[in-house]
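Here is a short report on selected side chains and helices. Read it beside the sequence and the model.

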Amino acid sequence: PSAIKDEGGEIISIPVKKILFSLIPFCLVLWMFANIFLADVSFNQGQASRRLGKLAAAEASFKEAAFLNFWEPSYHKEHSLVLAEMGVLEDSGVDLVQEAAGEAELAYQLNHQNSLTLKSLVRNYYLLARLNPKYETVLKTLAQKIMSLSPTDPQSYFEAAQVYSYFKDNQTAREFSRKALDLKTDYPEARELLQKLEKEKN
């Protein structure tokens, strides 16, 4: 330990290592909150860039936000979404699709029991399915998972009906539309979809 003299000339021992070690948790907490703040700044910059149609700048900002605060699923979700949007617009190859799918999977794993998080990923997988048909199965599985997490929510069944209708599985889409209407009789969107599907059946 270091030492200094007090006003009376007596030597006072200073346990430097103890002081330093006591500062470590404080510094870690400070670093963590700084990263959370900076991640939020990057995320907001990404949203602003996307609104302006600057997808490359948005992608860089969302990527930085996800790096700074890895445990926030919405950052990975938005990074995935902008990558998928770039993939659709640029008709790009495998790399963008794989990265977008990886980020979507991270968002899912970080909060896979939250139906709101999963609902927010539906659009991601719509775009991924346009880029690679194998994600059709993933999207259908996601819709099923959302319904299992919120079995009394009519919107979950309606959105599942939309998914199956998109992939021309009209029989399943009709079933989910009817379920949505069973839970909420005054649901014009679900009724309109069911009527459309019934016309196509006939």
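Ser-49 is in contact with Lys-54, Ala-57 and Ala-58, leaving aside its neighbours within four places in sequence. The model shown is predicted. Ser-49 belongs to helix α1, which covers residues 16–51. Is this serine buried or exposed? Ser-49 has a relative accessible area of 13%. The cut-off for buried is under 20%, so Ser-49 counts as buried.

**Helix α10**

Helix α10 runs over residues 188–201 and has 14 residues. From its first C-alpha to its last, α10 reaches 20 Å. That is close to the 20 Å expected at 1.5 Å a residue. Which residues of α10 are buried? They are Ala-190, Leu-193, Leu-194 and Leu-197. Seen down the axis of α10, the buried residues fall within an arc of 100°, so they line one face of the helix. The face turned away from that buried side carries exposed residues: Pro-188, Glu-192 and Lys-199. What do the buried residues of α10 pack against? Their partners are α8 (154–166) and α9 (170–183).

Asn-170 lies in helix α9. Not counting residues up to four places away in sequence, Asn-170 touches Ser-165, Leu-197 and Glu-200. Leu-197 is one of the buried residues of α10. At 18% relative accessibility, Asn-170 counts as buried too.

Thr-152 sits in the loop between α7 (135–149) and α8. Its relative accessible area is 64%. Exposed means over 50%, so Thr-152 is exposed. Thr-152 and Leu-183 are 31 residues apart along the chain. Their C-alpha atoms are separated by 6.9 Å.

**Aromatic rings**

How many aromatic pairs does the structure hold? The count is nine. Two of these pairs involve Tyr-166 and are set out below.

| Aromatic pair | Centre to centre | Angle between planes | Geometry |
|---|---|---|---|
| Tyr-126 and Tyr-166 | 5.1 Å | 85° | edge-to-face |
| Tyr-166 and Phe-167 | 5.0 Å | 85° | edge-to-face |

The pair of Tyr-126 and Tyr-166 links distant parts of the chain. Tyr-126 is in helix α6 (residues 122–131), Tyr-166 is in helix α8, and the two are 40 residues apart. How accessible are the rings' residues in the second pair? Tyr-166 has 41% relative accessibility and counts as partly exposed. Phe-167 has 17% relative accessibility and counts as buried.

Elsewhere, Phe-43, Phe-62 and Tyr-75 form one aromatic cluster.

**Lysines over rings**

**Drawing it together**

Helix α10 has a buried face and a side turned away from it that carries exposed residues. Its buried residues pack against α8 and α9. Helix α8 also holds Tyr-166, whose ring forms edge-to-face pairs with Tyr-126 and with Phe-167.

Definitions and conventions. Residues numbered from 1 in each chain as written. Predicted model: local features only at pLDDT ≥ 70, side-chain atom pairs only at ≥ 80, totals over all residues. Heavy atoms only, no water. Helix = DSSP H or I, 4+ residues; strand = E, 2+ residues; numbered from the N terminus. Expected span 1.5 Å × (residues − 1). Buried < 20%, exposed > 50% of the residue type's maximum accessible area, 1.4 Å probe, protein only. Arc of directions from axis to C-beta. Contact = heavy atoms within 4.5 Å. Phe/Tyr/Trp six-rings, centres within 6.5 Å; stacked < 30°, edge-to-face > 60°.
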